[in-house]
Amino acid sequence: MEKHLASRDFFVGESYTIADIALCANTHVAEEGGFKLAGFPRVSAWLERVRTRPGHIRITDHVGQLTSWP
């Protein structure tokens, strides 16, 4: 990911796409799985770009809020 982001802001060209959404889903919690992101400044910057997108919601902000299935 770090190498790929060396020449672009998002994973598919210069546009925010479903690829960014899908990759962010796991990447933003990588440290919880023991993967340190401190050595990956491009990935960290990309995560920040994704976080600033309108309507962005971290899945970890809503853990435990779902009370029942419709």
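In helix 2, four residues are buried: Val 43, Trp 46, Leu 47 and Val 50. Seen down the helix axis, these buried residues fall within an arc of 105°, so they line one face of helix 2. That buried face packs against helix 1. The model is a predicted one. Its secondary structure amounts to two helices and zero strands.

**The protein overall**

- The protein has 70 residues, and 20% of them count as buried.
- Take the contacts between residues at least 6 apart in sequence: 49% of these join residues at least 24 apart.

**The buried side of helix 1**

- Helix 1 covers residues 18-27.
- Asp 20, Cys 24 and Thr 27 are buried in this helix.
- Viewed down the axis of helix 1, the buried residues stay within an arc of 70°, so they line one face of the helix.
- An α-helix has 3.6 residues a turn, so residues three or four places apart point the same way.
- The buried residues of helix 1 pack against helix 2.
- Ile 18 and Asn 26 lie on the other side of helix 1, where they are exposed.

**How the two helices meet**

- Helix 2 covers residues 41-51, and its axis comes within 11 Å of the axis of helix 1.
- The two axes cross at roughly 115°.
- Angles from 65 to 115 degrees count as roughly perpendicular, and helix 1 and helix 2 are therefore roughly perpendicular to each other.
- The crossing of helix 1 past helix 2 is left-handed.
- Helix 1 brings Asp 20, Leu 23, Cys 24 and Thr 27 to the contact.
- Helix 2 brings Val 43, Trp 46, Leu 47 and Val 50 to the contact.
- By type, the residues of this contact divide into six nonpolar, one polar and one charged.

**Val 43, in helix 2**

- Val 43 has its place in helix 2.
- Its relative accessible area is 3%. Buried means under 20%, so Val 43 is buried.
- Setting aside neighbours within four places in sequence, Val 43 is in contact with Met 1, Glu 2, Leu 5, Thr 27 and Leu 37.
- Among these partners is Met 1. Met 1 and Val 43 are 42 residues apart in sequence, yet 6.6 Å apart in space, C-alpha to C-alpha.
- Val 43 is also one of the residues in the contact between helix 1 and helix 2.

**Leu 5, before helix 1**

- Leu 5 sits in the segment before helix 1.
- Leu 5 is buried, with a relative accessible area of 5%.
- Leaving out residues up to four places away in sequence, Leu 5 touches Phe 10, Phe 11, Arg 42, Val 43 and Trp 46.
- Two of those partners, Val 43 and Trp 46, belong to the buried residues of helix 2.
- Leu 5 and Ala 45 are 40 residues apart in sequence, and their C-alpha atoms are 9.4 Å apart in space.

- Pro 41 is exposed, with a relative accessible area of 54%.
- Pro 41 and Glu 2 are 39 residues apart in sequence and 7.6 Å apart in space, C-alpha to C-alpha.
- Ser 44 is found in helix 2 as well.
- The relative accessible area of Ser 44 is 32%. Exposed means over 50% and buried means under 20%, so Ser 44 counts as partly exposed.
- Along the chain, Ser 44 and Glu 2 are 42 residues apart, and their C-alpha atoms are separated by 9.1 Å.

How values were computed: Residues are numbered from 1 along each chain as its sequence is written. This is a predicted model: local features need pLDDT of at least 70, side-chain atom pairs count only at pLDDT 80 or more; totals for chains, interfaces and linings use all residues. Side-chain values use heavy atoms; hydrogens and water are left out. Axes are lines fitted to C-alpha atoms, for helices over the stretch in contact, and angles run from 0 to 180 degrees between N-to-C directions. Angles under 35 degrees count as roughly parallel, over 145 as roughly antiparallel, 65 to 115 as roughly perpendicular and the rest as oblique. A crossing is left-handed if the near helix is turned anticlockwise from the far one by less than a right angle, and right-handed if clockwise. Contact means heavy atoms within 4.5 Å. Ala, Val, Leu, Ile, Met, Phe, Trp, Tyr, Cys and Pro count as nonpolar, Asp, Glu, Lys and Arg as charged, and the others, Gly among them, as polar. Buried means under 20% relative accessible area, exposed over 50%, partly exposed in between (1.4 Å probe, protein chains only). The arc is that of the directions from the helix axis to the C-beta atoms.
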